[in-house]
Amino acid sequence: MSAAVDARQAGRRVEEVLDRLAATGEREACAAAEELVRVLMDFYGAGLARIVGRLGEESLRPLLEDELVASLLALHDLNPEDVQTRIARALAAADEPVEVLGFDGTSGVLRLRTENAGTGCGCAGTGAGQAVEDSLACFAPEVTRVEREPAAAPQPALLQISRRPPTPAQVP
């Protein structure tokens with residue numbers, strides 16, 4: 001595989017292959033393929049755990065900015081950063097102006113306020129919203145759903161009405 005492997009595409013590809021195999025109706029072959037995926041995940045996870053252990057957290061920090069590395073570490077529960085830090089990293093990578101309103105670790109729901117609502121309805125545009133969700137899938141897979149609310153409508157400026165200072169002709 002090349003260095004340009006996309007973690008999201010690889011995950012989707014594995015799912016597609018397993019789904020195709022399941023569609024054949026051959027239960028034994030499907031079960032064997034799923035077991036193979038689990039065994040390989042365990043094998044690579046153990047290898048990554050050794051690498052992380054030997055590198056140490058400080059040496060690992062520069063690698064956490066890479067989507068593929070961060071995704072693999074998160075997949076194997078080896079990322080040393082807490083979920084809030086990884087959510088912030090994902091949102092920065094997606095480069096969409098949003099404000100985090102909260103994350104519920106139990107349900108996996110991340111609430112965001114969309115600063116650039118586009119149409120004014122608060123819904124994300126097709127590309128922008130997907131960029132956030134794709135980035136979250138890599139950096140913070142604990143986020144299972146994103147709820148967006150539109151930015152608050154700007155309040156009109158308060159008009160100050162006061163007396164004008166007297167003009168020289170009005171001064172007694």
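Me: What is the relative accessibility of E149?
Reply: This is a predicted model: local features need pLDDT of at least 70, side-chain atom pairs count only at pLDDT 80 or more, and totals for chains, interfaces and linings use all residues. Numbering runs from 1 along each chain as its sequence is written, and side-chain values use heavy atoms, leaving out hydrogens and water. Buried means under 20% relative accessible area, exposed over 50%, partly exposed in between (1.4 Å probe, protein chains only). E149 counts as partly exposed, because its relative accessibility is 30%.

Me: Which residue meets E149 in a salt bridge?
Reply: A salt bridge needs a side-chain nitrogen of Lys or Arg within 4 Å of a carboxyl oxygen of Asp or Glu. Helices (H or I, at least four residues) and strands (E, at least two) are DSSP runs, numbered from the N terminus. The pair ties together parts 36 residues apart in sequence, since E149 lies in strand β3 and its partner in strand β2. At 3.2 Å, N to O, that partner is R113.

Me: How far apart in space are T114 and E149?
Reply: T114 has its place in strand β2. T114 counts as buried, because its relative accessibility is 1%. In sequence, T114 and E149 are 35 residues apart; in space, C-alpha to C-alpha, the value is 6.1 Å.

Me: How many bridges join β1 to β2?
Reply: Two strands pair if DSSP finds at least two bridges between them. β1 (residues 98-104) and β2 (residues 109-114) run antiparallel. They form a hairpin with 4 residues between them, and G108 in the turn has a positive phi of about 80°. F103 stands opposite L110, and the bridge count is 6.

Me: Which residue does E96 meet in a salt bridge?
Reply: E96 sits in the loop between α5 (83-94) and β1, and its partner, 52 residues away, is in strand β3 (residues 145-150). E96 counts as buried, because its relative accessibility is 11%. The N to O value is 2.7 Å, and the partner is R148.

Me: Which element gives the largest share of the lining of the largest pocket?
Reply: On a 1 Å grid over the protein atoms alone, a pocket is an open set of points where a 1.4 Å probe fits, with protein on both sides within 12 Å along at least five of seven lines; lining residues have an atom within 4 Å of a point. Points are joined across faces, edges and corners, and probe spheres set on them fill the volume, here about 1200 Å³. The lining has 32 residues, with A10, G11, V14, M41 and L75 nearest the centre. The largest share, 11 residues, comes from α1.
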